[in-house]
Amino acid sequence: MNKLKLYLLFIGSLFILSFYKVELKETVIDLTTYKLTTYSSINNNKYLIVFESGLGDDHSPWIAKNIIKKISGVSDVVIYDRAGIGKSESGPNPRNIERLSAELDSVINKFINGRKVILVGHSLGGLIIRDYAIKNPEKTGALLFVDPTHELYNHLSQSNEDTISNLLERIYGSDFGGVKEANQLIEDLQYSSTLPNLPDVPVVVLTSMKQNADNIAADKINESSRQGHYDAQETLKTGVTDFTQVGTTRSGHYIMYDEPSLIIDNLKLLISKLD
């Protein structure tokens, strides 16, 4: 397997354009010097769910298997493109977790309307919602982590980071948001290691335990194992009273593609805990 592919698998980045259509309202959020594009289904439901994608991904992974369509009947939903990705304009550097978390707050504030939010984060998006929840416990109702990046499993050398960044730049150009995010991966992992515990809200973690070529390659790069991957994500339970971790052998890193029902069912579980 090509080493460049292995490095990308480390962070779980696939750049897949979705051709599935779902009826969502497009709303642009003006952050003064740049704008973010959001897609929402708002019907004044009791709950709001906001989805955060992985490195370099736009909003499309959440609509490819009709997750948004199926959950919008019980909750308002928002997905969006981070700065420099999809239809969103490029944002200021550095594109680190703290800035991405602050931009997520701007998105949430547009739609929250006095409610608490259920946050869903895949891969690098897991670091973003983790930082957000710690900084905004009063707005956070529950958390669903979808095979999140974690500093106790993910290890990255400068050479690895440069390889990812350079490859993305060759494919998408230097102004692509994924390139700028990739340039911060080492710093993001270091930063995440300093974070305190999550707020004590219901938390579900979905962990890919499938022994496929991609996960085996990721374990090799990180000098770890699927069990090490599981154990790292399990540490998110510290200080959390209501914590559930689901290890699935049926899904690779992109659980939303392999088992969309797992995400839908656990979102409904989290909603039931907030009733």
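**Reading the model**

Modeller: Ser106 is partly exposed, having a relative accessible area of 27%. Please keep in mind that this is a predicted model.

Colleague: Where is Ser106 found, and which residues does Ser106 touch, not counting residues up to four places away in sequence?

Modeller: Ser106 is found in helix H3. Not counting residues up to four places away in sequence, Ser106 touches Ile29 and Leu31. As for Asp265, which is 159 residues apart from Ser106 along the chain, the C-alpha atoms of the two are separated by 28 Å.

Colleague: Is Ser101 buried or exposed?

Modeller: Ser101 counts as buried, because its relative accessibility is 3% and buried means under 20%. The place of Ser101 is in helix H3, which covers residues 97-111. Leaving aside neighbours within four places in sequence, Ser101 is in contact with Ile128, Asp131 and Tyr132.

Colleague: With which residues is Leu104 in contact, leaving aside its neighbours within four places in sequence?

Modeller: With that exclusion, Leu104 is in contact with Val50, Glu52, Tyr80, Leu119, Ile128, Ile129 and Tyr132.

Colleague: How does one describe the packing of two helices?

Modeller: Two packed helices are described by the angle between their axes and the distance between the axes. Here, the axes of helix H4 (residues 124-135) and helix H7 (residues 185-192) come within 11 Å and cross at roughly 40°. H4 is therefore oblique to H7. The crossing in which H4 passes H7 is left-handed.

Colleague: Which residues in H4 and H7 meet?

Modeller: On the H4 side they are Leu124, Leu127, Arg130, Asp131 and Lys135, and these meet Leu185, Asp188, Leu189, Tyr191 and Ser192 in H7. Sorted by class, the contact of H4 with H7 has five nonpolar, one polar and four charged residues. Asp131 of H4, which takes part in this meeting with H7, is also in contact with the buried Ser101.

How values were computed
Residues are numbered from 1 along each chain as its sequence is written. This is a predicted model: local features need pLDDT of at least 70, side-chain atom pairs count only at pLDDT 80 or more; totals for chains, interfaces and linings use all residues. Side-chain values use heavy atoms; hydrogens and water are left out. Axes are lines fitted to C-alpha atoms, for helices over the stretch in contact, and angles run from 0 to 180 degrees between N-to-C directions. Helices (H or I, at least four residues) and strands (E, at least two) are DSSP runs, numbered from the N terminus. Angles under 35 degrees count as roughly parallel, over 145 as roughly antiparallel, 65 to 115 as roughly perpendicular and the rest as oblique. A crossing is left-handed if the near helix is turned anticlockwise from the far one by less than a right angle, and right-handed if clockwise. Contact means heavy atoms within 4.5 Å. Ala, Val, Leu, Ile, Met, Phe, Trp, Tyr, Cys and Pro count as nonpolar, Asp, Glu, Lys and Arg as charged, and the others, Gly among them, as polar. Buried means under 20% relative accessible area, exposed over 50%, partly exposed in between (1.4 Å probe, protein chains only).
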